[in-house]
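Hi,

Here is the structure I promised to pass on to you. Have a look at it first, and then read on for what turned up.

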Amino acid sequence: MSVDVDVIKDVSLDNDCNKTYDNSNLKTEDIEKKLKDAEQREEALIKRITEKDKALSKMNGVIEAYEKAIAELIAEKEQLIQNYEKQLVEVKADRDSYYHHLTSLETTFSDLHVKYEKSKEMTCQLKGNEEALLAEKRRTLENLRLQEQRYEKMKSHAMQQLEIANKKLESLTKDHAIETTKLKALLKKQEIAHSSITEQLMQKTKENAELMKICDELISGQGS
């Protein structure tokens, strides 16, 4: 845009010069000088236009490179947007999965917390039961110790009584043996006496029978 403005300015200067040439009666030398100046200005203007064209061409190259870079950036942006959208979908999927997992974990944690509280309560109860059982065990052991002491005393007393009883039994056994011997002797004596009485009774019975027979014979003889 700046090149076109400069060209227009130079052309306007030439037109002003031409009008000046037409309207005045200048000498040939002045005209030639002015023409020469005009040609120099024209050459300078052409040079400037050429430089402007080169600059414009260079600028166009820069603009093309910029547009290419912009296009590449736009393509990269589109790719980034696609990648972002893909990652966003993946992130949303991961988020949903993590949310589901978190919900599951929260439910599991809640269940575990409830179980923990129940276990804690049960542990307290078991601890109380354990302490009660330990106290009962101590009481039982103490009672057992006392029972063992009583048992030992009773055992010692029983052994003493058993020893006394054994001595009495031994004495009674001896007395019983002596008494039995005496009773056996008396029984033998009684048996001998009974045997003697039996023999005497049999002898008397025989004698009585013979006497009765004689009496019967005598009675029979008298009757005849």
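Helices (H or I, at least four residues) and strands (E, at least two) are taken here as DSSP runs, numbered from the N terminus. By that definition the chain has 2 helices and 0 strands.

Please keep in mind that this is a predicted model, in which local features need a pLDDT of at least 70 and side-chain atom pairs count only at pLDDT 80 or more, while totals for chains, interfaces and linings use all residues. Residues are numbered from 1 along each chain as its sequence is written, and side-chain values use heavy atoms, with hydrogens and water left out.

On confidence, the average pLDDT (the predictor's confidence in each residue, from 0 to 100) is 81 for the chain, and 87% of the residues score at least 70. Residues 1-14 have a pLDDT below 50, and this stretch makes 10 contacts (heavy atoms within 4.5 Å) beyond near neighbours in sequence. Residues 19-26 are also below 50, with 5 such contacts.

Now the surface. Of the 224 residues in the chain, 3% are buried; buried means under 20% relative accessible area, exposed over 50%, and partly exposed in between (1.4 Å probe, protein chains only). The accessible surface of the chain is about 20500 Å², and 60% of it belongs to carbon and sulfur atoms. These areas come from the Shrake-Rupley method with a 1.4 Å probe, and for residues only the protein chains shown count as cover.

Leu56, Met59, Val62 and Ile63 make up a nonpolar surface patch with about 340 Å² of accessible area together. Patch members have over 30% relative accessible area and no salt bridge; like charges are joined within 9 Å, nonpolar side chains (Val, Leu, Ile, Met, Phe, Trp, Tyr) within 5 Å. Leu56 sits in helix H2 (residues 28-223) and is partly exposed because its relative accessibility is 46%.

Finally, the structure holds 5 salt bridges, each a side-chain nitrogen of Lys or Arg within 4 Å of a carboxyl oxygen of Asp or Glu. Among them:

- Arg139 pairs with Glu136, with the closest N and O atoms 2.4 Å apart; both lie in helix H2, 3 residues apart, about one turn of the helix.
- Glu142 pairs with Arg145, with closest N and O atoms 2.4 Å apart; Glu142 is partly exposed at 35%, and Arg145 is partly exposed at 37%.
- Lys174 pairs with Glu170 at 4.0 Å between the closest N and O atoms; Lys174 is exposed at 52%, whereas Glu170 is partly exposed at 46%.

Best wishes
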